[in-house]
Amino acid sequence: MKLNVRNDNIPFGTSIRSVKVPSQLKVKYPSGIEFIDDAFGNGFTPSTVTLFTGEPGAGKTTLMLTLADALAGQGYCVYFNTAEESSN
């Protein structure tokens, strides 16, 4: 899916409340994983960024890989970025 919703005609200082959100960005796309879709209100909207956190070994990576596989299997473009945090 490729969306072109860029709008360079918004003047500097415009209130966010007056910016019209394109209808393409309001459509929900289900992942096909019921508990994920329920948590995100029946799917994801385009350009969604979500941060998953939790204890080491809680299953975050497994969950994200399962979600990425489900979305890619439906033809969506998926970007997976991961990082480790260290207290040292």
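Contact, throughout these legends, means heavy atoms within 4.5 Å. This is a predicted model, in which local features need pLDDT of at least 70 and side-chain atom pairs count only at pLDDT 80 or more, while totals for chains, interfaces and linings use all residues. Residues are numbered from 1 along each chain as its sequence is written, and side-chain values use heavy atoms, with hydrogens and water left out.

**View 1. Asp-37 and the residues it touches.** Asp-37 is found in helix α1, which spans residues 34-39; helices (H or I, at least four residues) and strands (E, at least two) are DSSP runs, numbered from the N terminus. Leaving aside residues up to four places away in sequence, Asp-37 touches Pro-30, Ser-31, Gly-32, Asn-42 and Gly-43. Asp-37 is buried, a word that stands for under 20% relative accessible area, with exposed meaning over 50% and partly exposed in between (1.4 Å probe, protein chains only). Although buried, Asp-37 has no salt bridge, and the nearest side chain of opposite charge, Lys-28, is 9.1 Å away. A salt bridge here is a side-chain nitrogen of Lys or Arg within 4 Å of a carboxyl oxygen of Asp or Glu, and in assigning charge Lys and Arg count as positive and Asp and Glu as negative, whereas His and the chain ends are not counted.

**View 2. Ser-31, in the segment before α1.** What places Ser-31 among the buried residues? Ser-31 counts as buried because its relative accessibility is 2%. The side chain of Asp-37 reaches the backbone nitrogen of Ser-31 at 2.8 Å, while a polar atom of the side chain of Ser-31 lies 3.1 Å from the backbone nitrogen of Ile-33. Beyond four places in sequence, the residues that Ser-31 touches include Ile-36, Phe-44, Leu-67 and Gln-74.

**View 3. Gln-24 and Thr-45.** Gln-24 lies in the segment before α1 and, with a relative accessible area of 33%, is partly exposed. Gln-24 and Thr-45 are 21 residues apart in sequence, yet their C-alpha atoms are 8.6 Å apart in space.

**View 4. Val-19, in the segment before α1.** Val-19 counts as partly exposed, because its relative accessibility is 30%.

**View 5. The protein as a setting for the close-ups.** The protein has two helices and zero strands, and of its 88 residues 14% count as buried. Among contacts with a separation of 6 or more, 31% are between residues 24 or more positions apart.

Note on methods:
Polar contact = N/O pair within 3.5 Å; in protein donor to acceptor, adjacent residues only side chain to side chain.
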